[in-house]
Amino acid sequence: MYLFPQKRNLYKEFIETAILAAFIFLCLHLSIQNYQVEGSSMDPTLSEGECVLSNKFIYTRFDTTGLSKYVTSLDKHQGNVLFLFHPPKRGEIVVFRYPKDPERHFVKRIIGIPGDQVEIRKGIVLVNGYGIEEPYLNPLPSTSNWGPSIVQAENYFVLGDNRAASNDSRSWGSISNEHLVGRYWFKYWPALCSIAPLKQGDLK
């Protein structure tokens with residue numbers, strides 16, 4: 001007669017564990033995404049074949065248009081868009097949807113944020129008239145020229161760390177808030193890509 005309460009306790013623990021596991025999986029699915037890098041556009045920071053996790057939660061944002069009487073943006077360049085934490089910053093590596101084909105995901109580094117003037121002279125990047133230090137660059141020289149141009153509101157100028165082999169804002173312009181997927185978090189061994197508990201995507 002003492003077995004029935006024990007069985008009920010086991011069923012209860014099983015259901016609670018299943019609910020908790022489903023909740024954790026949902027949180028992971030909504031907050032992070034894993035990818036495998038294709039190409040060399042981010043060498044040496046990210047090499048072809050490496051797997052990365054992106055934090056999708058960090059750039060959570062809200063359109064406050066309907067609440068404009070009560071909520072004002074803290075950033076004049078973001079209009080009615082309010083970020084839960086902070087908007088993308090210079091130097092951050094971001095995952096985003098390719099503007100010309102939203103089905104494809106790219107990974108690049110943010111160089112210019114809204115309101116910045118960006119120019120490239122013989123491979124040297126100038127932001128607001130000043131050359132920036134870029135210790136992360138691939139040693140292969142780049143002599144490209146671009147701009148100058150002002151980054152528009154809610155937009156970001158992005159470049160690959162391997163400037164000599166990167167398809168980026170120099171070719172197709174800035175990305176917008178709507179293209180953002182998440183911020184690069186960390187990389188891990190290629191052998192673990194296929195066993196990660198999330199749907200894997202590919203990055204250019």
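## A buried charged pair

Arg163 is buried, and Glu134 is buried as well; buried stands for under 20% relative accessible area, exposed for over 50%, and partly exposed for the range in between (1.4 Å probe, protein chains only). The side chains of these two residues, Arg163 and Glu134, form a salt bridge at 2.6 Å, N to O. The pair links distant parts of the chain, 29 residues apart: Arg163 is in the loop between E11 and helix H2 (169-172), and Glu134 is in the loop between strand E9 (130-131) and strand E10 (146-150). A salt bridge here is a side-chain nitrogen of Lys or Arg within 4 Å of a carboxyl oxygen of Asp or Glu.

## Basis of the model

This is a predicted model, in which local features need pLDDT of at least 70 and side-chain atom pairs count only at pLDDT 80 or more, while totals for chains, interfaces and linings use all residues. Residues are numbered from 1 along each chain as its sequence is written, and side-chain values use heavy atoms, with hydrogens and water left out.

## The chain as a whole

The protein chain contains 2 helices and 14 strands. These elements are DSSP runs numbered from the N terminus, with helices (H or I) of at least four residues and strands (E) of at least two. Of the 204 residues in the protein chain, 39% are buried. The chain exposes about 12,200 Å², and 60% of that comes from carbon and sulfur atoms; accessible areas are from the Shrake-Rupley method with a 1.4 Å probe, and for residues only the protein chains shown count as cover.

Contact means heavy atoms within 4.5 Å. Among contacts between residues at least 6 apart in sequence, 64% join residues at least 24 apart.

## Salt bridges on strand E13

The whole structure has 7 salt bridges. One of them joins the side chains of Glu50 and Lys187 at 3.7 Å, N to O. Glu50 is in the loop between strand E1 (32-37) and E2, whereas Lys187 is in strand E13 (residues 180-188), so this pair ties together parts that are 137 residues apart in sequence. Lys187 is partly exposed, with a relative accessible area of 36%.

The side chains of Arg183 and Glu92 also meet in a salt bridge, at 3.1 Å, N to O. Arg183 belongs to strand E13 and Glu92 to the loop between strand E4 (81-83) and strand E5 (93-98), so the pair ties together parts 91 residues apart in sequence. Arg183 has a relative accessible area of 25% and is therefore partly exposed. Glu92, at 11% relative accessibility, counts as buried.

## Aromatic pairs and a nonpolar patch

A search of the whole structure gives 9 aromatic pairs. The rings of Phe57 and Phe85 have centres 5.4 Å apart and planes at 70°, so they form an edge-to-face pair. Rings of Phe, Tyr and Trp (its six-membered ring) pair if their centres lie within 6.5 Å; planes under 30 degrees apart count as stacked, over 60 as edge-to-face and the rest as tilted. Phe57 sits in the loop between E2 and E3 and Phe85 in the loop between E4 and E5, so the pair ties together parts that are 28 residues apart in sequence. Elsewhere, ring pairs link Phe96, Tyr98, Phe106 and Trp172 into a cluster.

Phe57 and Phe85 are also part of a nonpolar surface patch with Phe62 and Leu84, and the four have about 400 Å² of accessible area together. Patches are made of residues with over 30% relative accessible area and no salt bridge; like charges are joined within 9 Å and nonpolar side chains (Val, Leu, Ile, Met, Phe, Trp, Tyr) within 5 Å. Phe57 is partly exposed at 41% relative accessibility, and Phe85 is partly exposed at 44%. Phe62 and Asn80 are 18 residues apart in sequence and 8.2 Å apart in space, C-alpha to C-alpha. Asn80 is in the loop between E3 and E4 and is partly exposed, with a relative accessible area of 34%.

## Around Asn155 and Ile113

Asn155 lies in strand E11 (residues 155-159). Its side chain reaches the backbone oxygen of Ala153 at 2.8 Å. Neighbours within four places in sequence aside, Asn155 is in contact with Gly112, Ile113, Pro114, Ser174, Ile175 and Ser176.

Ile113 is in the loop between strand E6 (101-112) and strand E7 (117-121). With neighbours within four places in sequence again left aside, the contacts of Ile113 are Pro88, Lys89, Arg90, Val151, Asn155 and Tyr156. The C-alpha atoms of Ile113 and Pro88 are separated by 7.6 Å, and the two residues are 25 apart along the chain.

Methods: A polar contact is a pair of N or O atoms within 3.5 Å; within protein, one must be able to donate a hydrogen and the other to accept it, and residues adjacent in sequence count only if both atoms are side-chain atoms.
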